[in-house]
Amino acid sequence: MSTDYLTPVLTGKTLLRANPVSKLFAATVITLALMASIDWVSAAVVLTCELVLMPLLGISVLALARRIWPLLVAALIGAYGTALLADKTGGVVLDVGPFLFTEDSVASGIAVGLRGLALALPGIFVLLTTDPTDLADALAQKLHLPHRFVLGGLASLRLAGLLVEQWETLGLARHARGVGSGGSVGARTRNLLGQSFGLIVQAIRRATRLATAMEARGFGGGTRTWARESSFSALDAVVAAVGLLIAAGAVTAAVLAGTWNFILS
Amino acid sequence: MTPLGGPLPRAVQVSARGWGWRHAGRRAFAARHLDLELTPGERVLLLGASGAGKSTVLHALAGVLGSNDEGEQEGDLLLDGVPPAAARGRAGLVLQDPESQVVLARVGDEVAFAAENLAMPRDEIWRRVHRALDDVGLDLPLDHPTTALSGGQKQRLALASVLAMEPGLLLLDEPTANLDPDGVLEVRDAVIRVLDRTRATLVVVEHRVAVWADVVDRLIVLDADGGVLADGAPGQVLVQEATRSRLEQAGVWVPGRRPAVGGAVPTSAGGEVLLAATGLDVARTKRGPVAVAGLDLTVRAGQALGITGPNGAGKSTAALTLGGLLRPRAGSVRAVPALTGTAGDDPFRWRSTELVQRIGTVFQEPEHQFLTASVGEELAVGPARVGGAQAPGRIAELAERLRLTHLLQANPFTLSGGEKRRLSVATMLATAPRILILDEPTFGQDALTWAELVTLLRELVDDGVAVLSVTHDAEFIDALGGATLHVSGGAGTLVHR
């Protein structure tokens, strides 16, 4: 099965129309604001705003959870680990053998979990609503990144999707030759290494052929034009402004609540 | 860069004088002593044995052979008097493999790519995109995903993508070798339409002369030792008896000639049943769609079974499932005790070492199955994995039979296409399976390799091996006899002869 990273299933009609650069800008300022301080107020403000904006994704909570569940699990593990290991001050909440949770350690755990989620969601918003081709157009035309770099990245994204299919084919082909999975741990490891090496060889050959095909179509010259114009609209101003507002709101709320905890201070 | 003058691109004139190219790190020249003049608008079919340097010449004309650190050039090769690398956009190259040429996600962007690279204004780009798609007859929305195309459509897209440069020289490197018969005609007819409109110069490389003989007005045969073996109008070159036989010796498919094959078409109705499929539904992935449903068939010792059908119909999926590599979605594949021996009766549950002694599967891409750094080791892997006392004589005999003896020290990845195919079959035979499955064994093979394969497989069938071949090649199926499973529209129909 080939995984098609170049034409992912996108959701959210409104954000889909926004320019990828404005979405990236909004996601970046929100992330920066969150990273600047480890506290639960800024995290909670950002997370609340993100949940309020969730309908923009045009995807049900369940469908979203299915796509990002590893992040939810990671946030939970982070929260649990922090609650278990943070300074044990405040009243005891739970004390079973080696497991001691206090009010303060639980609060730290919640802050870390919320912050993890709040940090992950802006990326999810961009990922779910941005077509890679549009992103490449925007990066090259609006941010003026070198076109070789941008288009090379785009082409490699397509090849990365083919790797999944290649891996499966290689596995079958090797099984047919008598070197499939099974046997001792050593044999399995050797087989895995062999198959990985085979995948690398195939990937390089495919990439070389693709590079030839691109070069044969005039790729790699000095100047280049773009068939589709990447443009900004009023929507992009709104997206950028909302991003700034959320970031500023989170910082202000944390400072006012006295929980602001600048990481560099 | 300014757009090319006039409504039509100017056809390119090609001239080679004592031209040769040696890839960096190789002792022998890939092509050498080439003297050629192609007049603008000429349509040329370039032939030659594998290894005669046909692809090297095409790549050189396309200007993609690379710089001086990638090889050494001698003599001159010029397009309209300038080196190909300086004539960016004048030559358009279409490669053999449809999969490795697609760059972008949408059909419109893919075609626009070359025009963008040549820095055309936006209006001009889209004018060219529409015209190119029109020329190749691809009537699809511009945002159609490039992954959702058949092999023939992908090749026509590749053709449209180079047409967007409005090249004066069209270079086709075995553009139809990987396609089913419908796809072959689809692509060839698109090329004819394009040439009739643009009047561009054409150089096409292809083993199968019949596909292009009526389209081209000149045949050039490269000599494997350098230089040109024959050159002239197809009618002229192909009627000269001396040239014809030299072409045949070089492995070229000469129209009206079948390669000389040993043995006779096996006529036995088959011996004992080895494998039986009942109500079998096959699917490539665990959750993906069912490719073919409700297959009922038996695989008999000493019988050939051809599996045919259009590209993407599920032929390979069916074959891999019969071969115990894919899990049946529904129904069953069961092996009889004579085949199973000490293993269970479900081939999918066999361990690799059990499988390789019972069913050998030769994949379409030989490289996927190469495991070692030399041909000799490659042949020894199977028997070594299986263990037990395997006579070293068998490997020597196999190498001899498949003309690999002189290559035992060579790296499998450096072999020619025909040699790779012979090796991939030999490695499977090394463990003497009673069922041999081959996926498109004749794709892109020259006539010599084709004849060798048919001869060998006939012997195997006569020796009691069941041979299953997934193939588009009707002549190949005829040559092996037996039954045919035609797969299309999600169902399989068995035809006995």
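At what angle do the axes of H4(B) and helix H5 (residues 181–198) of chain B cross? I looked this up in a predicted model. The two axes cross at roughly 20° and come within 8 Å. Angles under 35 degrees count as roughly parallel, so H4(B) is roughly parallel to H5(B). I noted the crossing as right-handed.

Next I listed the residues that meet. H4(B) brings Gly151(B), Gly152(B), Gln155(B), Arg156(B), Leu159(B) and Leu163(B). From H5(B) come Asp182(B), Gly183(B), Glu186(B), Val187(B), Ala190(B), Val191(B) and Val194(B). By class, this contact has 6 nonpolar, 4 polar and 3 charged residues.

Then I turned to the interface. I found 52 residues of chain B in contact with 36 residues of chain A. On the chain B side, five elements each supply at least two residues: H2 (107–117), H3 (122–136), H4 (151–163), H11 (352–358) and H12 (375–386). H2(B) gives the most, with 6 residues. I counted 27 nonpolar, 16 polar and 9 charged residues on the side of chain B that touches chain A.

Last, chain A. Its secondary structure comes to 9 helices and 2 strands. I read the order from the N terminus as α-α-α-α-β-β-α-α-α-α-α. The radius of gyration is 24 Å, well over the 18 Å that the globule rule gives for 265 residues, so chain A is more spread out than a compact globule. Its C-alpha atoms fill a box of roughly 65 × 60 × 35 Å along the principal axes. Buried residues make up 33% of the 265 in chain A. Of the chain A contacts with a separation of 6 or more, 78% join residues 24 or more positions apart.

Terms used: Residues are numbered from 1 along each chain as its sequence is written. Chains are lettered from A and ligands numbered from 1 in the order in which they are written. This is a predicted model: local features need pLDDT of at least 70, side-chain atom pairs count only at pLDDT 80 or more; totals for chains, interfaces and linings use all residues. Two residues are in contact if their C-beta atoms, placed from the backbone, lie within 7 Å. Helices (H or I, at least four residues) and strands (E, at least two) are DSSP runs, numbered from the N terminus. Ala, Val, Leu, Ile, Met, Phe, Trp, Tyr, Cys and Pro count as nonpolar, Asp, Glu, Lys and Arg as charged, and the others, Gly among them, as polar. Axes are lines fitted to C-alpha atoms, for helices over the stretch in contact, and angles run from 0 to 180 degrees between N-to-C directions. Angles under 35 degrees count as roughly parallel, over 145 as roughly antiparallel, 65 to 115 as roughly perpendicular and the rest as oblique. A crossing is left-handed if the near helix is turned anticlockwise from the far one by less than a right angle, and right-handed if clockwise. The radius of gyration is taken over C-alpha atoms; the globule rule is 2.2 Å times the number of residues to the power 0.38. A residue is buried if 20 or more other C-beta atoms lie within 10 Å of its own, exposed if 12 or fewer, and partly exposed in between; C-beta atoms are placed from the backbone.
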